[in-house]
Amino acid sequence: MSPRPSLSGWWRWPLLAALTVLVTAGLAAGDVPSPALFAGLLVATVLALTGLGPARVARPATSGAQAVIGVVIGLLARPDTLAAVAAEWLPVLLISLATLLVSMGSGLLMGLQRGVTPLTGMLAQTAGGASGLVAISRELGGDERTVAVIQYLRVGLVTATMPVVAAVVYGASPGAPAAAVTGPGAPWWVGLAVTALCVGVGVPLGKLARVPAGALLGPMVVALVVSLAGFSFAASVPLPLVDVAYAVIGWQAGLRFTRTALGTVARVLPLATALILGVVALCAGLGLLLSYSTGMTPLEGYLATTPGGVYAVLATAISSGVDVTSVVAVQVLRVILMLLVAPWIARLVGRRLGPGGAA
């Protein structure tokens, strides 16, 4: 392979960063979920295909980004949200596991597509925590390029169809907003301190435990403990830090794109779209089962089991006037279960069916 042209100097990183900031701002204006990750993936892919991008993202940077995303997810689990489903924990747990199995099963079907292995298909289709799965997919043996595109295709489809389904099928209409899930957030410096604590303790803990994707799971578990113990002070990770982490994960996937890889991803999009819509329909059925077994309304059951972004579900729930706390509690539980279980299942699938990666 011929070396990159002499222009491949220091300016590649500022170019990548500047374009990512501009595209992130544009996507955010259009209410695209996780705009920094989308922007990082898009810009890095274009620069990689044109030969203008850096060679790769350094491993410490990707590990740091994984750690930040782990803290973001861990801090979502607050006592008041999980307490909302504690009385009905068994059906909630079983149906949350069922949504994971349905989405993982669809991923194994996607692995029948030429150029996509079962492991990559499973990681691409698993519902919940899209940014977390993209962050750890390469470490688990999957092709993070395919995983990133399919995961955010799922988020986009669910986000676009959720308000329509809620209104047409379940009769949702804008009403008085439900009570806020959390009170006013802590100052940014408290969030930064909590993040530093969770990362500083969680990353060494993950290495010591030798768990899959320890850079993400270690900080996530520490953040879970801190939040559920009531020591997070309602803090969240500062948004600029979250955006940087998302952008780094997008860069990691995008800079590895080649024309062959792009062709593989384009070829699987029709099947991936059909499988995503099938999973959405099956999860809606599980939502009805959840409503019958817990006393939730059918709309609340649908929103609680929808395989989409937590924040998109939150927005729809608030605008519909339903019990936001219960809906978000089930969603958060599924994301946590997924990120705790998926790495172990991925290892099992990788051993039994072969490693991931596109042709």
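Q: How are helices assigned here, and where is the place of P187?
A: Helices (H or I, at least four residues) and strands (E, at least two) are DSSP runs, numbered from the N terminus. P187 lies in the loop between α8 (144–168) and α9 (188–209). This is a predicted model, in which local features need pLDDT of at least 70, side-chain atom pairs count only at pLDDT 80 or more, and totals for chains, interfaces and linings use all residues. Residues are numbered from 1 along each chain as its sequence is written, and side-chain values use heavy atoms, with hydrogens and water left out.

Q: What does the side chain of T20 reach?
A: A polar contact is a pair of N or O atoms within 3.5 Å; within protein, one must be able to donate a hydrogen and the other to accept it, and residues adjacent in sequence count only if both atoms are side-chain atoms. The T20 side chain reaches the backbone oxygen of L16 at 2.6 Å.

Q: How far apart are P187 and S236 in sequence and in space?
A: P187 and S236 are separated by 49 residues in sequence and by 9.0 Å in space, C-alpha to C-alpha.

Q: Where is W89 found, and is W89 buried or exposed?
A: W89 belongs to helix α5 (residues 89–110) and counts as exposed because its relative accessibility is 52%.

Technical notes. Buried means under 20% relative accessible area, exposed over 50%, partly exposed in between (1.4 Å probe, protein chains only).
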